[in-house]
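Subject: Structure handover

Hello,

Here is the structure you asked to look over. My notes on it follow below.

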Amino acid sequence: MLASVRSATEGDGFVPPGTKDFDLPPIIEGVEWFTKPVLLVMVSVVLISVFFVLSARKAAVVPSKFQFAGESIYGFVRNDLAKDIIGHEFMRFVPYLFTLFVFILTNNIFGIVPFLQFPTMSHVAFPYVLAALSFFVFHYVGVRKHGVIKYIKDIAFMPGVPKPVYILLTPIELATFFLVRPLTLSLRLFANMFAGHLLLLVFILGGEYMLNDSLLIMKLFAPFSFLFGIALTFFEFMVQCLQAYIFTLLTALYIAGALADEH
Amino acid sequence: MSGNREENALWSIFGYLISGLLFWGGIGWAGDRWLGTTYLTLVGLLVGAGGAIYLVWLRFGRE
């Protein structure tokens, strides 16, 4: 991974962080697809599996700390997300929502874990796939419950509106359900992770550059840049949790909407 | 849906506004390109925003 550690002082003057900082080289030369984000996703899958298998294996009535931690996360997704939003049919969707939440959360937090320090979701392909999955799930659920024709009709034609108004409203409804929803779902997650990583790079690399500058005044102010970088790291942690939550929350809301009898 | 109606409304309003602006604004923009005018984009955006707000009212306002 050392090959991808970057310094602000290469070349002349300060090199501001940009999109090229997300273009990481393959870890093994010649294996083009195997980059850091891919490795991080694999690591996250292993970590999550091991954590929850271990926390559930020796499940006891009086839980150990480990079991308690696992059960708190599960309980949070099951009760505060699935049950509150979807209602009586919620149990079917808990596995998906739970996996989604934990997967996104872990991969987001990789952004501030020392030495890993890269949020997987700042590569837009990962949020796209997750959003496509959620898109498929909530439409599938709706189609299964209502049948294709009734489901589309429910979306496209709001009851109690004079017919000509449908020319105005139907395109908006269809665009919302089939375009804007998956797009906002993925882009919100991607943009937050991308911008957050960029923000941290600015302050950390800026601090490094100032520290290496020949002027004393620059050296003196470098610690402030680092301090700000640390403060923003805590802020990032908050954003990372929040984004995992919002993604899961919206998926649950969309499922609930697809299950509802009428809009 | 259960007790989270306000929360639902909040997210739906956001989605409707975006798609209203995108769709009708896009139509207006295409019209401008086609006819060589400059005001249709604005008209489209306003129609889209209006339609979206109407839709939000239909879905969450009337009871």
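A helix here is a DSSP run of H or I at least four residues long, and helices are numbered from the N terminus. By that rule, A:Lys150 and A:Asp154 both sit in helix 5 of chain A (residues 148–156), four residues apart, which is about one turn of the helix. Please keep in mind that this is a predicted model.

Salt bridges

Over all chains, the structure holds four salt bridges. One of them joins the side chains of A:Lys150 and A:Asp154, with N and O 3.0 Å apart.

Another salt bridge pairs A:Arg92 with A:Glu89, and their closest N and O atoms are 2.8 Å apart. A:Arg92 is exposed, with a relative accessible area of 52%. Salt bridges also link A:Glu89, A:Arg92 and A:Lys145 into a network.

Chain B

Chain B has two helices and zero strands. It has 63 residues, of which 35% count as buried. Among the contacts in chain B with a separation of 6 or more, 56% are between residues 24 or more positions apart. Chain B exposes about 3900 Å², and 73% of that comes from carbon and sulfur atoms.

The interface between chain B and chain A

Chain B and chain A bury about 2100 Å² between them, with 71% of this area on carbon and sulfur atoms. The contact takes 29 residues from chain A and 24 residues from chain B. Four residue pairs are in polar contact across the interface, counting pairs with both residues at pLDDT 80 or more. On the chain B side, helix 1 (5–35) and helix 2 (40–61) each supply at least two of the residues that touch chain A. The largest share of that side, twelve residues, comes from helix 1 of chain B.

How many salt bridges does the rule find across the interface of chain B and chain A? There is one. In this salt bridge the side chains of B:Arg59 and A:Glu173 meet at 3.3 Å, N to O. The pair crosses between chains, running from helix 2 of chain B, where B:Arg59 lies, to helix 6 of chain A (residues 166–212), where A:Glu173 lies. Are these two residues buried or exposed? B:Arg59 is buried, with a relative accessible area of 11%, and A:Glu173 is buried at 0%.

Nonpolar surface on chain A

Chain A carries a nonpolar surface patch of about 1000 Å². The residues that make the patch are A:Leu215, A:Leu216, A:Ile217, A:Leu220, A:Phe221, A:Phe224, A:Leu227, A:Ile230 and A:Phe234. A:Ile217 has its place in helix 7 of chain A (residues 216–259). With a relative accessible area of 51%, A:Ile217 counts as exposed, because the cut-off for that class is over 50%.

One more residue on chain A

A:Leu133 is in helix 4 of chain A (residues 125–146). A:Leu133 is partly exposed, at 42% relative accessibility. From A:Leu133 to A:Val62 there are 71 residues in sequence and 37 Å in space, C-alpha to C-alpha.

Regards

Definitions and conventions: Residues are numbered from 1 along each chain as its sequence is written. Chains are lettered from A and ligands numbered from 1 in the order in which they are written. This is a predicted model: local features need pLDDT of at least 70, side-chain atom pairs count only at pLDDT 80 or more; totals for chains, interfaces and linings use all residues. Side-chain values use heavy atoms; hydrogens and water are left out. Patches are made of residues with over 30% relative accessible area and no salt bridge: like charges are joined within 9 Å, nonpolar side chains (Val, Leu, Ile, Met, Phe, Trp, Tyr) within 5 Å. Accessible areas come from the Shrake-Rupley method with a 1.4 Å probe; for residues, only the protein chains shown count as cover. Buried means under 20% relative accessible area, exposed over 50%, partly exposed in between (1.4 Å probe, protein chains only). Contact means heavy atoms within 4.5 Å. Buried area is the accessible area (1.4 Å probe) that two parts lose on being put together, summed over both. A polar contact is a pair of N or O atoms within 3.5 Å; within protein, one must be able to donate a hydrogen and the other to accept it, and residues adjacent in sequence count only if both atoms are side-chain atoms.
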